[in-house]
Amino acid sequence: MSTVQQPDNKDRPARLTVGVVGAGRVGPTLAASLQLAGHRPVAVSGVSDASRRRAAQMLPDVPIVTPADVLQRADLVLLTVPDDTLPGLVEGLAETGAVRPGQLIVHTSGRYGAKVLDPALRAGALPLALHPAMTFTGTPVDVERLAGCSFGVTAPEELRLAAEALVIEMGGEPEWIEEEKRPLYHAALALGANHLVTLVAQAMELLRSAGVGAPDRMLGPLLGAALDNALRSGDAALTGPVARGDAGTVAAHVTELRRHAPQTVAGYLAMARATADRALAHGLLKPELAEDLLGVLATGTNGSEGDAR
């Protein structure tokens, strides 16, 4: 059951025509979700062959047109382009007169709040920043994953209820983020999600090198339990050689990584140092064991491979 208070009918958006500028993985998914809620996708823009194929799959029969044409046809425009592209796109659309007064202009960047849409606001548009805290595949399964997905919402206060209502209509859970907190919010998500993918991919590669035939099957239950424990208990869920202060084991890890996967050593040491700091701060790592461990992490070895067992 949703934990977010449902808005009154007067706060719900009317049935809107929806346009998408940027047919990456996010835009067509959100438009398809809005379609399920009763809105009507009418136009999408995409440049690459992949984006056009994605638009055709996710939004069949919706015409592919220029960004200016998208704004001409739609009441609600989703700007789903890379972060670095967004400011220039907004300025260009506003300067060419493509933005219409009263038009809802929504971007999905985690980094930016509503102020990046100021050029559109000056043209009379209604700016909303709605960032889904989800990874996307660009396939129909993404629409299902929006159920219960948190959205980072930033908007002028008078548009807050409308912004939250749109998120709820897509099956999401709105989480209000102040304008100045958007970069920190986005950094937290990148740290947790993007870096996790890198860590898991590296772990699977190392397991294959160790002779494991199905590293995904081996890691699945372990990582699922670790994630669940971390979400429930935070630092209290820390386990493993760093939290225990097993300096010899950590040194053995570093030795093997240098031999078989030297590109992973820097990341291993950095994460181990961060883990040691948190384990110490929360009383999990005994101070008398920390000195040898931190020495290994500082030098990348304990100086004696015979002890690295």
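The largest nonpolar core in this predicted model has 32 residues. Inside that core, L76, L78, L128, L130 and F151 have the most contacts. Who supplies at least two residues each to this core? On the strand side, strand 1 (17-21), strand 3 (76-79), strand 4 (104-107), strand 5 (126-132) and strand 6 (150-154) do. So do helix 1 (27-36), helix 2 (49-58) and helix 7 (160-169). Helix 1 gives the largest share, four residues.

Take L78 as an example. Leaving out residues up to four places away in sequence, L78 touches V18, G19, V20, V21, G27, L30, A31, L34 and V106.

There is another core, apart from the largest one, with 22 residues. V21, V65, V70 and A98 are among them.

Across the whole structure, the search turns up one cavity of 30 Å³ or more. The largest cavity holds about 40 Å³ of space. Its lining is L71, L79, V90, L93, V99, I105 and A120. By class, that is seven nonpolar, no polar and no charged.

On to the second largest pocket. About 600 Å³ of space lies there. Its lining counts 23 residues, and V26, H131, M134, F136 and H186 lie nearest the centre. Which elements each supply at least two residues of this lining? Strand 5 and helix 8 (182-209). Helix 8 makes the largest share, six residues.

Methods. Residues numbered from 1 in each chain as written. Predicted model: local features only at pLDDT ≥ 70, side-chain atom pairs only at ≥ 80, totals over all residues. Heavy atoms only, no water. 1 Å grid on protein atoms, 1.4 Å probe; cavity = no way out; pocket = protein on both sides within 12 Å on 5 of 7 lines; lining within 4 Å. Points joined across faces, edges and corners; volume = space filled by probe spheres on them. Nonpolar A, V, L, I, M, F, W, Y, C, P; charged D, E, K, R; others polar. Core = buried A, V, L, I, M, F, W, Y, C linked by side-chain atoms within 4.5 Å. Buried < 20%, exposed > 50% of the residue type's maximum accessible area, 1.4 Å probe, protein only. Contact = heavy atoms within 4.5 Å.
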